[in-house]
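Thanks for coming, everyone. Please have a look at the structure on the screen, and then I will walk you through it.

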Amino acid sequence: MIRLVDLSAPPDPDVLTPPGVVVGYGPPSNESWLTTATFTVTEEPCADRRVVTVDSVPETLAELTRRCEHWPQASAVCDDVLRSLDPDGPTLSGVITESLAYSTLQAGPEFARWLSERGPASVPEIADPVVAQRDGDLLRIQFNRPQRHNAFSTDMRAALLEVLSVAQLDPSVSGIVLSGNGLSFCSGGDLAEFGSFADPASAHLARTRYSPALVLDELTTRFGRRCRARVHGQVLGSGLEMAAFCGWVEASRDAVFGLPELSLGLLPGAGGTVSVTRRIGRWRTAYLVLSGRTIPAETALQWGLVDALSD
């Protein structure tokens, strides 16, 4: 399910279509493999967005192999989705493709295995999961589930959409600022809630008909850099995916970024295959998903995942 390619090797005319997960390693000088690969790892500093610099190539390859063998379906589907995405294409098309793939994996054995290992869980009721305040022509929106590092839940999604609709409909609003209360901006989807969907088709319709990602993308088109996210602490999963849709992302130096969905047998499902890919390319997006590793704020700035750092 994963192919490791030494970039010093000549191009392979027998590469399959789709090629599946292909990880290159070595000096990033082979243009053919750099483009074909899911991503390439090296121990040398490299600004090429198709390449990720790691501390140890052998350790990284071993870990990637272990993860792709443990979650072969989710790895392959994620690779397929990222390869099929046109970063310059319509956001809706990308979100629909992502959501259909996500629903496919929700019905698959790898997600079922994770649910079985997690066991029963319940989501605590937390009042006012999102709070908003007008500041002149700005609408300040804050995630407000600090007890759970602002883990994104169904009630939080509904509250966020309600607040974002104000920015959509009120012509006196000329910008928004999205932030998080407590120690983190957003730690991703609330894991206690996963598996509570009625069926994959209904879940797909909910994700695409009630999508904060699509609204944030629309507001960024309208407001530009005045559609801002200020992130800190954990910026993971859906939290990162939504922030990346904003026209300007400012991160505190304690922020850590990642896409951990593979460990659930899933891929990003809040628009991240679109928003994150637009910022850092499909290769580094695939690295974040398949490796499960997080990156610090300084790396996020170098990659273009965020636009500025704050003290």
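Is Arg 134 buried, partly exposed or exposed? Arg 134 is partly exposed, with a relative accessible area of 38%. Keep in mind that this is a predicted model.

Let's stay with Arg 134 and look at its partner. Asp 170 forms a salt bridge with Arg 134. The closest N and O atoms are 3.2 Å apart. Where do the two sit? Arg 134 is in strand 5, residues 130-135, and Asp 170 is in the loop between helix 6 and strand 7. So the pair ties together parts that are 36 residues apart in sequence. Asp 170 is partly exposed too, at 23% relative accessibility.

Next pair. The side chains of Arg 226 and Asp 137 also meet in a salt bridge, at 3.2 Å from N to O. Again, distant parts of the chain are linked. Arg 226 lies in the loop between helix 8 and strand 8. Asp 137 lies in the loop between strand 5 and strand 6. That puts the two 89 residues apart. Arg 226 is partly exposed, at 32% relative accessibility. Asp 137 is partly exposed as well, at 33%.

Salt bridges can share partners, and here some do: Glu 31, Asp 48 and Arg 50 are joined into one network.

Now a pair within one helix. Asp 79 and Arg 83 meet through their side chains in a salt bridge, 2.8 Å from N to O. How many residues apart are they in helix 3? They are 4 residues apart, so about one helical turn separates them. Asp 79 is buried, with a relative accessible area of 3%. Arg 83 is partly exposed, at 23%. How many salt bridges does the structure hold? The count is 11.

On to helix 4, residues 91-106. Let's check its length. There are 16 residues, and at 1.5 Å a residue they should span 22 Å. The end C-alpha atoms are 22 Å apart, so the two values agree. Which residues of helix 4 are buried? Among them are Thr 91, Gly 94, Val 95, Glu 98 and Tyr 102. Ser 103, Leu 105 and Gln 106 are buried too. What covers the buried residues of helix 4? The cover includes helix 3, helix 5, helix 7, helix 8, helix 9 and helix 10.

Now the nonpolar side. In soluble globular proteins, nonpolar side chains tend to be buried together. In this model, the largest nonpolar core has 80 residues. Which of them touch the most other members? They are Phe 143, Ile 176 and Phe 257. Helix 10, residues 272-291, gives the most to this core, with 9 residues.

3 strands form an open sheet in the order 9-11-12, and the pairing is mixed. Which are the edge strands? They are strand 9, at 234-236, and strand 12, at 295-296, and each pairs on one side only. Strand 11, residues 256-258, is joined to strand 12 by 2 bridges, and these two run antiparallel. Find Val 256 on your screen: Pro 296 in strand 12 stands opposite.

That's my tour. Over to you.

Key:
Residues are numbered from 1 along each chain as its sequence is written. This is a predicted model: local features need pLDDT of at least 70, side-chain atom pairs count only at pLDDT 80 or more; totals for chains, interfaces and linings use all residues. Side-chain values use heavy atoms; hydrogens and water are left out. A nonpolar core is a set of buried Ala, Val, Leu, Ile, Met, Phe, Trp, Tyr and Cys residues joined through side-chain atoms within 4.5 Å. Buried means under 20% relative accessible area, exposed over 50%, partly exposed in between (1.4 Å probe, protein chains only). Two strands pair if DSSP finds at least two bridges between them. A salt bridge is a side-chain nitrogen of Lys or Arg within 4 Å of a carboxyl oxygen of Asp or Glu. The expected span of a helix is 1.5 Å times one less than its number of residues. Contact means heavy atoms within 4.5 Å.
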